[in-house]
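Here is a short tour to read alongside the model. Keep the viewer open and follow the headings from one end of the fold to the other.

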Amino acid sequence: MRLSVIIPCKDEVGVVEHLLDSLVAQVTPPYEVIVVDSNSSDDLSGTVKKYTKKLPIHLISATKKGVIHARNQGAKAATGDTLLFLDADVTLPHDFIAKTVSQMEKRSIDVAGFYQRMQSPKRGIRSGARLMNGYVRLMSASKTPVVFSCMAATKAAHAAIKGFDPAVWIMEDYDYAYRAKKHGLKFGVIKNTFFLASDRRFQDNAGTSIAQGIYAELYRYTHGLRITKPLYDYKMGGGAKKKRASESSSQ
């Protein structure tokens, strides 16, 4: 299995390096890493250039704004047979790719979700992250599985559902998994590894961020499982406070 990593970036210099370092450290290296510049104003090209001797990495520019277009454009450029979509502010344990590839092949998974770990000084944020893992587990066997920040799909599955839907405003990853399962593709959660999530969106206004997430989830279930209009102010990438994703002793 040749795994292509796709990382959409908007003003993520100072953040994405931690993800790239974790990719360098993988016991099973990625087949390729595609960083998609989504209208950044920082020196993303300079950052990517620093990793060209460490990773099979290259930079492309998105022709339209937004994470959905960036992911789809990265997938279109990918030459691997499996796609791993990562938010720029996550990091991975050193055996993440090896375990993901093994489980997807062994279980014949077409689209995969993952559990997260989030270390934060705020107990409420840590509890919320554990709650989300429970939600992922609960929904994995339903018609509406849940994924976020980190997901994988075979390139054939991505093509079958025509990628991420640009008509969706938010929770496009949920929509992706839902449409994949509806299409008859096999969804599964990779249970023997995890990704390290950043708490940066919750640092200053945790209550507001959590309330927005709950509101969006309820809206989605009462509006045909699709959110096609802005419900609140939401910025991609560098619009949130930059903070390194928490490290784990499991790395």
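## The start of the chain

M1 sits in the segment before strand 1; helices (H or I, at least four residues) and strands (E, at least two) are DSSP runs numbered from the N terminus. With a relative accessible area of 36%, M1 is partly exposed. On this scale buried means under 20% relative accessible area, exposed over 50% and partly exposed in between, using a 1.4 Å probe and protein chains only. Leaving aside neighbours within four places in sequence, M1 is in contact (heavy atoms within 4.5 Å) with D81, T82, V101, M104 and E105. The C-alpha atoms of M1 and P30 are separated by 10.0 Å, and these two residues are 29 residues apart along the chain.

A word on the source: this is a predicted model, in which local features need pLDDT of at least 70 and side-chain atom pairs count only at pLDDT 80 or more, while totals for chains, interfaces and linings use all residues. Residues are numbered from 1 along each chain as its sequence is written, and side-chain values use heavy atoms, with hydrogens and water left out.

Seven strands make up an open sheet with mixed pairing, in the order 3-2-1-4-6-5-7; two strands pair if DSSP finds at least two bridges between them. Strand 3 and strand 7 (187–196) are the edge strands, each pairing on one side only. On average, neighbouring strands of this sheet are turned by 25° against each other, direction ignored. For such angles, axes are lines fitted to C-alpha atoms, for helices over the stretch in contact, and values run from 0 to 180 degrees between N-to-C directions.

Strand 1 and strand 4 run parallel and are joined by four bridges. Take a look at L3, which stands opposite T82 in strand 4.

## Helices around it

Helix 3 (residues 67–77) lies across strand 1, strand 2, strand 3 and strand 4, and runs at about 150° to strand 1. Helix 5 (residues 123–139) also packs on the sheet, where it touches strand 5 (111–117) and strand 7; the direction of helix 5 makes about 155° with that of strand 5.

In helix 1 (residues 16–24), the buried residues are V16, E17, L19, L20, S22 and L23. Their cover includes strand 1 (3–9), strand 2 (32–37), helix 2 (44–49), strand 3 (57–61), strand 4 (82–86) and helix 4 (96–106). Helix 7 (residues 172–182) is mostly covered, with nine of its eleven residues buried; among them are Y174, Y176 and Y178. Just after helix 7, G184 takes a positive phi of about 95°.

## Salt bridges

How many salt bridges does a search of the whole structure find? The search finds ten, counting a side-chain nitrogen of Lys or Arg within 4 Å of a carboxyl oxygen of Asp or Glu. In one of these, the side chains of D81 and R2 meet at 4.0 Å, N to O. D81 lies in the loop between helix 3 and strand 4 and R2 in the segment before strand 1, so the pair ties together parts 79 residues apart in sequence. D81 is partly exposed at 32% relative accessibility, and R2 is partly exposed at 38%.

D87 forms a salt bridge with R71, with the closest N and O atoms 3.1 Å apart. Here D87 belongs to the loop between strand 4 and helix 4 and R71 to helix 3, so the pair ties together parts that are 16 residues apart in sequence. R71 is buried, at 4% relative accessible area, whereas D87 is partly exposed, at 22%.
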